[in-house]
Number of protein chains: 2
Amino acid sequence: MPRTDSLGKITGAARYAADLFLPRTLYAKILRSPYAHARILNIDTSRAEKLPGVKAIVCGKEIIPYKWGIFKQTRDQYLLAVDKVRYIGEEVAAVASIDEEIAEEALSLINVDYEQLPSVFDPLEAIEEGSPQLHEHVERNIGFTASVEFGDVDAAFRNSDRVYEDKIVTSKISHLQMEPYAVLANYNQTGKLDVWVPNQSPFTKRRALSNALGIPLPKIRVHHINIGGGFGGRSDTNPAEFIVSLLSIKAKRPVKITYTREETMIATRHKHPATVEIKLAVNLDGTITGKDVKIVMDGGAYMSSGIVAANTPYVYAESIYRVPNQRYEAIRVYTNKTTCSMHRTHGSQYVLAEETMIERIAEDLGLDSVEMRMRHACRAGDVLPSGSKITSYALHETIEKAVEISGWREKKGKLPEGHGIGIACAGSFAGFNLGFRLNSSALIKFNEDGSCTLFTGNVDNGQGNESMMVQIASDVLDIPMDSIALVCADSELTPQDPGNYPMLAAFCSGNAVRLAAADAKRQILGIAAEKIGLPSSDLDIRDGVVFAGESPEKSFPLSGVIKRAFSKGAAILGRGSYTPKAQSEYGWANWPGGKIQGQHGATYTDGTTVAEVRVDKETGMVKVLSIVQAYDCGFALNPMAVEGQWEGVAVEMMGETLYGKLTWDKNGRVINNSLLDYLIPTALDMPEIRTAIVESIDPEGPFGAKEAGISGGPGVQAAIANAIYNAIGVRIKEIPVTPESILACLKGGA
Amino acid sequence: MPRTDSLGKITGAARYAADLFLPRTLYAKILRSPYAHARILNIDTSRAEKLPGVKAIVCGKEIIPYKWGIFKQTRDQYLLAVDKVRYIGEEVAAVASIDEEIAEEALSLINVDYEQLPSVFDPLEAIEEGSPQLHEHVERNIGFTASVEFGDVDAAFRNSDRVYEDKIVTSKISHLQMEPYAVLANYNQTGKLDVWVPNQSPFTKRRALSNALGIPLPKIRVHHINIGGGFGGRSDTNPAEFIVSLLSIKAKRPVKITYTREETMIATRHKHPATVEIKLAVNLDGTITGKDVKIVMDGGAYMSSGIVAANTPYVYAESIYRVPNQRYEAIRVYTNKTTCSMHRTHGSQYVLAEETMIERIAEDLGLDSVEMRMRHACRAGDVLPSGSKITSYALHETIEKAVEISGWREKKGKLPEGHGIGIACAGSFAGFNLGFRLNSSALIKFNEDGSCTLFTGNVDNGQGNESMMVQIASDVLDIPMDSIALVCADSELTPQDPGNYPMLAAFCSGNAVRLAAADAKRQILGIAAEKIGLPSSDLDIRDGVVFAGESPEKSFPLSGVIKRAFSKGAAILGRGSYTPKAQSEYGWANWPGGKIQGQHGATYTDGTTVAEVRVDKETGMVKVLSIVQAYDCGFALNPMAVEGQWEGVAVEMMGETLYGKLTWDKNGRVINNSLLDYLIPTALDMPEIRTAIVESIDPEGPFGAKEAGISGGPGVQAAIANAIYNAIGVRIKEIPVTPESILACLKGGA
């Protein structure tokens, strides 16, 4: 099913935030901290104010001393630095002027007096007593701890035949959306603030702006806009959104900022680097009886979605394999670096540790690692240690499918020198509770010709959500997709939707659209029934015509039904609202409230990756030859879009495994914040990717659908790491796996 | 109640079509016919095409040979002239280029070969056999005839004591919206056409564009835009909307046209000039027993809303005074002049004839004209000759009120030399059938803080409809008006609404909003009832708080209710649809279908104007000293806005009575198409205006409201004419009443 948004994107008709222009728009630039940690003694903007063309300047001292953050519990960041700066690149002051050059020049005329403070960059150092402390009242820089224990973990370790331990280290990763970050804000004379910004939820952006700026919700509109990638990095509110709004309020003109690539890479969010210590209690037959996990995450300067980041790996820890006794602790630590937030593949840090360890155990105990995975794999109907229920699951089938398609049995141990094959399982969940309300709603209004407009709050970050929503409505109503105009992701125009980060586009927004379409259909059949003289239960819509199954001669074009409705004062206006049962019937795990027990997601997804690699022992270069992605997304609404998601995330994770790493100098400055220096896979690096869709029909998902944007990611890294071990016997303990690290391991005799 | 739109309009934040700009916009200019009637032999655009900067040219021969018109019955105009031109100013070709100057230059390079044809400008000549014929198959240029007879008219005239006859002639009037007419159209690469144009209904514009261009409805969006006046002149689709769209399709870029004042005055619509012959059968006691009316309307080159224009005066003929026997015939005639359409005060031509005649009869029979009006005035409950029911009416009270406020009894016959006072009754109706479906719908969605967005298809042409819709929702929900964001008049975003020309903003759109708000309130109270533990019938909303009347301590802020709804999967989404009983229960008079019997409007309005004038017998100059407007609008939702309407239309009609007249030279060219030459009242000409709101609560109107934008107009002209007679004894037979005509009458001894 071709996507409805493709034509606009390939022709250039689709407009992104950086493309926008309003008459009299001013251009903003932000003055950023040159120090990783410093006290701000004074900011003097007087020279800059005198520069002709400068229309507004804002800095921390003059703004409302309001701290924001995703959760009430973690509001730790001013709209602009007030007392201190905590990383190189932090926003200190901003200028709006008639062009970007003058704004740049004005920045150079702002004098900031800093008192430098000692910095800390390594999270393991940051949690030591006596380390430089970033935030008042946050001792040892531990911003948040997620901690839980189920069963008798100590007994499991005492009683097991073997205990395996490992430590894995991952790097700080840029989300690297191809679209540069940009904001346009227009505060007009009626007190209305219009904002255009790439986002993962216009509603949470609107709420954050309202809270921070004291403007009521009906006076803020976060507009629909095309978005060039989210990947979790656009769920949080970026300071620039507040800053540009403040400049517009002050200048009384529209203000726009377009980040340079360098700014996008240091001053928007990163993926958390983590140190994962894992310990498994295992019997000689391969049964895993206990698990003890400790994770230290480097969160950077502010909390952002750190609570979610600390909790999410536990979902992977309990929902892939059945392990009765589990202890889990994750701490998220402040350091003097760019803030980290959620990433589409967050949790891969944990999966890498567990999935490479399973290979090691299987080898050590002389077992088949595939059989070991099959033995422990969770199943539909399982109630997990935390109490979470799994309503649909197909991990066994995905393992079988991945093994079959990849030729695992034929290849494992039989590949030539330097070639290797690796396997890993992973999964995800759809719809989790963030303390926000997960209600998604949708509306449909019909036109007199039988076409309609669909309204959904859901946002499309590039994954195809817009098309999915139209497809669902089209299917329920049996009218062509191009008869449906879509209005989406606009805080003023569309019904409530919590947004994309809780992985709910298909499951929640999709269900809301399904219900709205069903409501409209009910109305249509009711009107038609009066006219045709048969009960509406005997009627159905087929391809834009209402007809009676028993009396096909009694048909009625949809346009006729609508016109009849209009003349009877009964416009066709369908509405649908959906909240997952996980919320309305089970008890949510309430992460922001510190409650890790309970239902973690509305439903779970699962799957298996097999990777094949060739390693050049002379150069240390790893070439990924092929990746097989066998995943369970529930019913695949649009198989082509699902495959696109799994292919995309495979390449993204391959890049993260082999090249991705933001590198910092000793002063806390990113030294590879450009597309020249920060490496990602290009066309020449592409492996062959095969996908297999496994459909465990979810009882609650729309048509049985669950989620496809996330699950395919976390296992890829581990599969590649396992394939490298299979090829050259080097165990991967740190990513990215650089040629230098391979050579060092080979030299050291891994 | 201050209007919600005022702040935007006075600060300049409100954007009108001419203010808009999209990146890469091209500017259009239209080549217009220099002849009133000619055959187009050839159009050569080859030289213009070569001019650098020209991006697209369209002319009639290359476009779809589709004829459009408001009603299917009267599609008589190509999108651009194809075979013939029928008035000076008709659209012949159009150019889009990078600026207006180049577009102008390109026009001068287009060669059109015409064969001139004989023209006809006077409608009375046009209906003679042998006159030049404008349209094939339309003999004697009679485009439409409205004709009806009730009772025994001939007998009434045979049996009456006296028969009075008169003939009144009115002029062609410009609607003269202060906003120049402008269109921006953008047909993008996805096949979507976005249009911004001042309009009285985005839905009928969308339908016209869809029919003419063959683009399906969901691919056309007519956007909300601020509008600088409608007055009936923007209900019709102007050729430029098609032309600019065609240019955008051809150039693949946005295209904009902004008419000059001169173009706005010759190439948009005019008010119909009419010759009204009226004959009344009257007994010596003043009882009117029969009426015979013949109207010839000069329609100009095309039909536009000619059907409505021909029928509407009959509504005035039967709904002001009870006259049992009536004959009515109105013919609308094609002439080689600019097309006429509806005007806010259309029907004033008829009212002028009848109301001046009543004064004459009263004087002739020695009766009190006020008493004569009181005796005949219609009442609520009347069933009119056509079968129309009057559900609420207060004409008697308005007469009394106008007489009282104006001091009529003290002044009539006692004013100094050259001073005079005149009275006239009029009225209007709300919601009439145009063969479209009158259904108005509205939606309300609530935000988590208890604020909401209201969606209505109704459009605001400056009369205050936006504010009215917000006020109705605010009242039903008892939340402040500024807690309500409004989305209106956008064919894609808002529910169906037929638009403003059938005078239904308050009555139909207002009712839809009321119902949507009530639906939302029901949902809110239902959710609150669960929480509070009382039946929802015990609960109410007061100022944003839900509370129980019996247990005031059990209150619950609205925001808490919405959040509770969200968490239970029940967003608050109110919907309302309204169709007047006139449509759903009574039989509509179907004008386009030729059926003048039946219900003409959903409800009727009524009222009385008294004007006082001073006439300078030396110069012939008339100064209107004061106007009293006592009208019945049903319940006055916003008295300040109602007064604004009645004051505005009083001035508009005063201008039409004394100065307004488009003047044509012998070739058919308008010679006063500028604000310098076309006269309207300015600040110095303002009379004292007093308004009195009389409220006949309508059983069906929202809160009893009916209509206020139209009714205050048609009586003003007659009241001034009667005052002039009272002042100087000159009977007004033609308007405008110029100083020259006064002097001529005085000289001739009227």
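The exercises below, each with a worked solution, concern a predicted model with chains A and B.

In this model, local features need pLDDT of at least 70, side-chain atom pairs count only at pLDDT 80 or more, and totals for chains, interfaces and linings use all residues. Residues are numbered from 1 along each chain as its sequence is written, and chains are lettered from A in the order in which they are written.

**Exercise 1. Describe the side of chain A that touches chain B.**

Step 1. Contact means that the C-beta atoms of two residues, placed from the backbone, lie within 7 Å. By this rule, 44 residues of chain A are in contact with 44 residues of chain B.

Step 2. Look for the elements that supply the residues; helices (H or I, at least four residues) and strands (E, at least two) are DSSP runs, numbered from the N terminus. Those with at least two residues on this side of chain A include α1 (6–11), β22 (440–446) and β28 (573–578). The largest share, 4 residues, comes from β28(A).

**Exercise 2. Find how chain A is laid on chain B.**

Step 1. Superpose the copies by least squares on the C-alpha atoms of residues with pLDDT of at least 70 in both.

Step 2. Name the relation: it is that of a two-fold axis.

Step 3. Find the residue of chain A that comes closest to the rotation axis: A:Leu493, with its C-alpha at 3.6 Å. The same surface serves both copies, as 100% of the contact residues of chain A recur in chain B.

**Exercise 3. Check the span of helix α18 (residues 639–658) of chain A.**

Step 1. The expected span is 1.5 Å times one less than the number of residues.

Step 2. For the 20 residues of α18(A) this should give 28 Å, and the end C-alpha atoms are 28 Å apart, which agrees.

Step 3. Count the buried residues (20 or more other C-beta atoms within 10 Å of the residue's own, all placed from the backbone). In α18(A), 14 of the 20 residues are buried, so the helix is mostly covered.

**Exercise 4. Work out how the side chains of strand β25 (residues 539–542) of chain A point.**

Step 1. A:Leu539 and A:Ile541 point to one face and are buried.

Step 2. Strands pair if DSSP finds at least two bridges between them. β25(A) pairs with β26 (residues 545–548) of chain A in the antiparallel sense over 4 bridges, and A:Arg542 stands opposite A:Val545.

Step 3. The two strands form a hairpin with 2 residues between them, and A:Asp543 in the turn has a positive phi of about 50 degrees.

Key. Buried ≥ 20, exposed ≤ 12 C-beta atoms within 10 Å, placed from the backbone.
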